[in-house]
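This briefing concerns helix geometry, aromatic pairs and salt bridges. Please keep the structure in view while reading the points below.

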Amino acid sequence: MRGVVSRVGKRWTAALIAGGLIVVGLGAGAFAQASGMAAGILKVRLGGDASETRLVIDLDRSVSGKLISDGAVDNTVIVAFPKVGVNGDLKGAGQGVVRRWTVVTAGGSARLNIELAQKAQVARRFLLPPGDGVDHYRYVIDLRAIGGPVNPRDARDARALGPAQSLPVEQAARRAMTVIKADRPSGRKVIVIDAGHGGHDPGAIGANVHEKQVTLAAAKALKARLEKSGRYTVILTRDTDRYVTLEGRVQIARRADADLFISLHADAGPESTSGASVYTLSEKGEGRVGKVLGKDDWLLNANLTGGDRGVGQILLDLSQRATKNRSAVFAEMLVSEISDVTPMLRRSHRDGNLIVLLAPDVPAVLLEMGFITSPSDEARLNNAASRARLVNSIGDAIDRWFSRDMKIASR
């Protein structure tokens, strides 16, 4: 989340929430215009990747946005905010499907012009009120790519991955098939740890470190902690600074026949906001499961003689429900354990419409380890000793969860 964030939504309420953000802002006091109209736009943030990109406009009031252009004609998305001011022109470089953006004033309104780096569509727009430590309004615009990524800024990473960006997925999947054959008879549980963001997607940006760096460091530390016990086989979705698609991360877990999937992220927000939180899949997210299922997946196409498609949906619903319940139980255990070693948000167990949580048959959580934009959280996440305390508590939660499963199975 989370880029990705990075990163609902890390993040996408976890993608912003969960995801990495490029921040360009001005002081709130600098926004009064010569005309006397009070400023409304505080700053603009971007997060996500070449598949889906989120823009967040921080505002000092509630606003309504009007979509002037959807980008279909001239590759530019335009959203107007009536009676909203900005001091001069505000602009910045893009990320993901966005090449660049500007905010200008015209006719007593502010207008956000988004130049697209590739074909994309506006997936959703909504306004978030103040809450959960955020003292201002946020207008969110989600852009979803149409077709493959063509952003020149991503070309270097694409070449490094070879013909397709799924090379790490294929490598992990082959290893997964091997460990299943070797370790399942011994009773080892397979755990997939997902280090959020990576490669051209830095995720949230702190004063001294990027989200992708602390998530990878934490993932490697957690892997070492779990393997030391001899009870688990651990697979990382990435073990280097490499980009893996969100759907690819889910497929690694499914093809490994994983018993648990944990996605690690660091949140972004105002400097005053700090604390960890845990996400599980929301009810809204359940309807998106087809995004991570292949066309030949039995969960999507299961049927009886006569081709009763309804049976396939019933089987899918049952699998999702059981998986969601198990994920929620683990999330509560995880919150209980990590709250002893790190500050938590007031509402620490949340749900979100996040792609990395969509596997219908693998219990999954997304852990926002803290706010990398908070000096205190960033210091903890960037310190090996503090990370060790956090990953040890995560390991304790995993041990408790599987011990609980064994007790239930033995009854």
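A residue is called buried when its relative accessible area is under 20%, exposed when that area is over 50%, and partly exposed in between. With this definition, Glu211, Lys212, Val214, Thr215, Leu216, Ala218, Ala219, Leu222, Lys223, Arg225 and Leu226 of helix H4 are buried. The model is predicted.

**Helix H4**

- Helix H4 covers residues 211-228, which is 18 residues. At 1.5 Å a residue, H4 should span 26 Å, and its end C-alpha atoms are 26 Å apart, so the two values agree.
- In an α-helix there are 3.6 residues a turn, so residues three or four places apart point the same way.
- Among the buried residues of H4 are Leu222 and Leu226.
- Just after H4, Gly230 adopts a positive phi of about 75°.

**Aromatic pairs**

- The whole structure contains 4 aromatic pairs.
- Phe81 belongs to strand S5 (residues 76-82) and Tyr139 to strand S10 (residues 137-145), so that the pair links distant parts of the chain, 58 residues apart.
- Phe81 has a relative accessibility of 0% and therefore counts as buried. Tyr139 is also buried, because its relative accessible area is 5%.
- Tyr232 and Phe402 form a tilted pair, with 5.8 Å from centre to centre and 45° between the planes.
- Because Tyr232 lies in strand S12 (residues 232-236) and Phe402 in helix H10 (residues 384-410), this pair ties together parts that are 170 residues apart in sequence.
- Tyr232 counts as buried at 2% relative accessibility, and Phe402 counts as buried at 2% as well.

**Salt bridges**

- The count of salt bridges comes to 17.
- Arg54 and Asp142 form a salt bridge through their side chains, with 2.6 Å from N to O. Arg54 is in strand S3 (residues 52-59) and Asp142 is in strand S10, 88 residues apart. Both residues are buried.
- Arg231 and Asp399 form a salt bridge at 3.4 Å, N to O. Arg231 sits in the loop between H4 and S12, whereas Asp399 is in helix H10, 168 residues apart.
- Within that pair, Arg231 is partly exposed, because its relative accessible area is 32%. Asp399 is at 17% relative accessibility and therefore counts as buried.
- Glu337 and Arg400 form a salt bridge in which the closest N and O atoms are 3.1 Å apart. Glu337 lies in helix H8 (residues 309-338) and Arg400 in helix H10, so the pair ties together parts that are 63 residues apart in sequence.
- Glu337 counts as buried because its relative accessibility is 15%, while Arg400, at 36%, counts as partly exposed.
- Salt bridges with shared partners join Glu52, Arg54, Arg124, Asp142 and Arg144 into one network.

**Contacts of helix H10**

- Helix H10 contributes Phe402 to the tilted aromatic pair with Tyr232.
- Helix H10 also holds Asp399, the salt-bridge partner of Arg231, and Arg400, the partner of Glu337.

Definitions and conventions
Residues are numbered from 1 along each chain as its sequence is written. This is a predicted model: local features need pLDDT of at least 70, side-chain atom pairs count only at pLDDT 80 or more; totals for chains, interfaces and linings use all residues. Side-chain values use heavy atoms; hydrogens and water are left out. Helices (H or I, at least four residues) and strands (E, at least two) are DSSP runs, numbered from the N terminus. The expected span of a helix is 1.5 Å times one less than its number of residues. Buried means under 20% relative accessible area, exposed over 50%, partly exposed in between (1.4 Å probe, protein chains only). Rings of Phe, Tyr and Trp (its six-membered ring) pair if their centres lie within 6.5 Å; planes under 30 degrees apart count as stacked, over 60 as edge-to-face and the rest as tilted. A salt bridge is a side-chain nitrogen of Lys or Arg within 4 Å of a carboxyl oxygen of Asp or Glu.
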